[in-house]
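Here is a short report on strand pairing and core packing. Look at the model first, then read on.

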Amino acid sequence: MKNRTKPWFKTLAAACALLPLALGSAAPLAFAQVDEPAAAAPAAPAETRAAPALWVVKDEDTTIYLFGSIHVLKPGLSWFDGAVKQAFDASDSLMLEVVLPEDEMAAAKATIPLALDQSGRTLSSRLEPDALKAYQAALAGLGIPPAQFDAFKPWFAAVTLSVLPLTNLGYDPEQGAEKTLTRAAKAAGKPVEGLETLEEQLGFFDTLPEDQQVAYLNATVKDIDQLGPTIDRLVTLWSNGDPDQLAVLMNESMTTTPELAKILLADRNARWAETLQARMEQPGTLFVAVGAGHLAGPQSVQTYLQQRGLAATRVE
């Protein structure tokens, strides 16, 4: 079972930057009965320099920057400077995977109807005895009542459980690249647009067959204690501007889940490359930020752009 479930966490972690942000709003609706102790205000961390990778595609009158984002970061990581900041400042507009509603509750209202299971079956009843025992232990470790997710589909429980431990480790969506870039764009009066809609990204998870959703939940529970070390390593590689090793960490298991990899990475990257090719017909400068996994590995956005005759060059 280990070899069958292990790939799910890394595959899905590499695929969507949206859900941890959207669930910042949706999770309170799911956890209305959970009492969390007030945390003491942490001391301001020392600033750490980061130099994440950046690429550029250009012709005589159009420039598109490609930036791989991390959606949750800790305070004190200095990445929005140097080449990244220069490229952003030179851009006329910002493009993200998806533009979340300004009203955070609107994201929750879009998520919850899809996340609720209308079949009448509880989530717990979908799990085998050993998996159920591990799942309930994971919930107990987070201080969540054992039946809290019973009305929801497995994908929603899995995604939420992959987010909650990170907040306890100091990771914050407000510090993440998408939120930082969006705030900067609004302050500078730059338009912000999305490659996909919120409903489309949610649909990638909601349309997974039930057995795949359950496998995803089981894998998340199994690896829940490794979420911290995994994202710590991911952020280190991202900060060092090492997309090759980032691809190994995030995408190494894609070959064992080819159908999922096709839906969440390859197909989307190909569509985005088509969109960016069309955008090259418009003069101006565009800054594109998508999940770092989309700009790493053999099925990256850059690969599909190359197939369309557009070369993405690393910005040094």
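Strand 2 and strand 3 make a hairpin, with three residues between them. Strands here are DSSP runs (E, at least two residues), and helices are DSSP runs (H or I, at least four), numbered from the N terminus. This is a predicted model: local features need pLDDT of at least 70, side-chain atom pairs count only at pLDDT 80 or more, and totals for chains, interfaces and linings use all residues. Residues are numbered from 1 along each chain as its sequence is written, and side-chain values use heavy atoms, without hydrogens and water.

Strands pair if DSSP finds at least two bridges between them.

| Partner of strand 3 | Sense | Bridges |
|---|---|---|
| Strand 2 (residues 54–58) | antiparallel | five bridges |
| Strand 7 (residues 284–291) | parallel | eight bridges |

Leu54 bridges to Phe67 in strand 3. Ile64 has Leu286 as its bridge partner in strand 7.

Strand 3 (residues 62–69) is mostly covered, with eight of its eight residues buried. Buried means under 20% relative accessible area, with a 1.4 Å probe and protein chains only. One face holds Thr62, Ile64, Leu66 and Gly68; the other holds Thr63, Tyr65, Phe67 and Ser69.

The largest nonpolar core has 63 residues. Such a core is a set of buried Ala, Val, Leu, Ile, Met, Phe, Trp, Tyr and Cys residues joined through side-chain atoms within 4.5 Å. Phe67, Trp79 and Phe287 have the most contacts inside this core. Helix 6 (residues 154–168) gives the largest share, eight residues. A second, separate core of 20 residues includes Val57, Ile64, Val301 and Leu305.

Technical notes
Buried means under 20% relative accessible area, exposed over 50%, partly exposed in between (1.4 Å probe, protein chains only).
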